[in-house]
Amino acid sequence: MFSLSSLLILLINLTFLWCYVVEDTTSAVDNWQLQRPAITFDPSDKLSIVEGESAKVTFVIKEGNITSTSSSELMEKVVLGVRITAVPEKTNIIEIVGNTTWTMCLHSGEEKNHSFTVNGIFLGYSKVYITLFPFGGDCIDNATTKNYQNNRDWYGKDDAVEVVPTTIYKYDYLVSVSPRPSLLADLFTGLMALIISINYINMGCQLDLKSIWEVLKKPVGPIIGFCCQFIFMPLASYGIGYLLFEDTNLRLGLFTLGCSPGGSMSNFWTLLFNGDLNLSVTMTFISTVAALGMMPLWIFTLGSSLFRNGKVTLPYLNLFGSLVLLTLPIGIGMLIRRYKTKWANFSDKIIRPFTIVCILLGIGVGCYVSLYILLMFTWKIVLAGLAVAWGGYTFGALAAWMSRLERKQIIAVAIETAFQNGGVAFVLLLLSLPQPDAALTAVPVVAQLIVTGLPMWFILLVTKLVTCCRKCSDKNNNVEKKPVEDSEDIKTPEKLSIETKM
């Protein structure tokens, strides 16, 4: 006879045996794992397109990463129903043309490919998010159904033939949109170079070679300008960029302009504000020559952290072109002043209105050509431009005043410090960075160039109004101070007696 303890042990053994049998029959279905499906794209790295153009991206999904501890036969029967979506990250930069949702049935080890078309809308970067949603749709083919009917005991339950995991798989694909090449921009560049050259000839007619020589003999002004241009401006641009921007492209653009030499606009504004034109032109020439060494110094030291995504190519040809554009027309103007006095006098009459036309044309056409850049302005970009520009005005004027320079020289140093050669910065970025990075870094460059000139227009207008008011006031005072006896309309007693005798 069995004891009670023996009966209890037997029941326990039977219970474990039953659990093992149940586990063994269901593990064929339940003891599996579906790993992340593999997706490959073509183009593999990223898609680069131009604004207004479209391109196709093909992607291949391979569902071949199923592991099972039960049976390799079951792995061959797994069917995965998948819904795929393609959604752009930034709809203002790219759009998906046509269908953005697909459904498919994936068998274990099978590869299927699909494609979508991307249209470039605006300059910048955007990701396309590819999402795989497994679902329980109609993904049972005839072979699987027949196998299911013949092996019902193996599958264990009616809905086990279609395995539906709950995991959602996400992938992303990068798309870059570059600006469309513009013939108008090239024509504008050539036109502005011609107009600036003509105006530099006019400026050369106003220059005095003896005064320039005196500036070089006592180079207090050029030394102050050099320190402001190549010490203060790079450091200020770098610091303000780090305070206001998180995007490396914006920091890089602002810093590159800060390392650039003085531009032609500084000479024009110095002329309009009656500053020392001889000093201004001398400083522009010296800073352009010095930039051949100072720009590499700053860019390969402080700027090395910003140029991580590009190979720096310094625009020596552009710097040389700036020197030619500056010195050759000015030399022609100085020869006209020496040998054609009448031409020089005529130039003196038209130089200020012609300078205003140059500035207005440069701003107007430049804004039209760079409209896509203006659309990317934010309050931080404008604030950074204002901070760097007014920092240049203030620091340059203060340094010149502390050095006991005259008023005209202070004006020249302040303007020369704030205005920089945007063309040099543009070419350096264009040669050193791929698109659209080069265009994105140009945004703070354009912003600073615009906001540097806008305050000058306001100050110039106020100055002209004050000058006109003073002239009117002086004219009225002269009329009031005119002696009474000189007036022919009022007859004094002496005049009346003379007329009576006659």
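Visitor: Which helix does phenylalanine 285 lie in?

Guide: Phenylalanine 285 lies in helix H10. Keep in mind that this is a predicted model.

Visitor: Is phenylalanine 285 buried, partly exposed or exposed?

Guide: Phenylalanine 285 counts as partly exposed, because its relative accessibility is 37% and that class runs between the 20% and 50% limits.

Visitor: Which residues make the nonpolar surface patch?

Guide: The patch is made by Trp213, Leu216, Phe285, Ile286, Val289, Leu292 and Tyr316, and covers about 620 Å². Helix H6 (209-217) and H10 each give two or more residues to this nonpolar patch. H10 supplies the largest share, four residues.

Visitor: Where do nonpolar side chains tend to be in soluble globular proteins?

Guide: In soluble globular proteins, they tend to be buried together. Now to the case here. The largest nonpolar core has 29 residues, and those with the most contacts inside it are Tyr200, Met203, Phe268, Trp269, Phe273, Ile415 and Met456.

Visitor: Which elements give two or more residues to this core?

Guide: They are helices H5 (183-206), H9 (264-272), H10 (277-299), H11 (316-339), H12 (341-369), H15 (407-418) and H17 (437-480). H5 gives the most, with seven residues.

Visitor: What does isoleucine 415 touch?

Guide: Leaving out residues up to four places away in sequence, isoleucine 415 touches Ser266, Trp269, Thr270, Phe273, Tyr393 and Met456.

Visitor: How many residues are in the other core, which lies apart from this one?

Guide: That other core has 26 residues, including Ile39, Phe41, Val57 and Leu132.

Notes
Residues are numbered from 1 along each chain as its sequence is written. This is a predicted model: local features need pLDDT of at least 70, side-chain atom pairs count only at pLDDT 80 or more; totals for chains, interfaces and linings use all residues. Side-chain values use heavy atoms; hydrogens and water are left out. A nonpolar core is a set of buried Ala, Val, Leu, Ile, Met, Phe, Trp, Tyr and Cys residues joined through side-chain atoms within 4.5 Å. Buried means under 20% relative accessible area, exposed over 50%, partly exposed in between (1.4 Å probe, protein chains only). Contact means heavy atoms within 4.5 Å. Patches are made of residues with over 30% relative accessible area and no salt bridge: like charges are joined within 9 Å, nonpolar side chains (Val, Leu, Ile, Met, Phe, Trp, Tyr) within 5 Å. Accessible areas come from the Shrake-Rupley method with a 1.4 Å probe; for residues, only the protein chains shown count as cover. A salt bridge is a side-chain nitrogen of Lys or Arg within 4 Å of a carboxyl oxygen of Asp or Glu.
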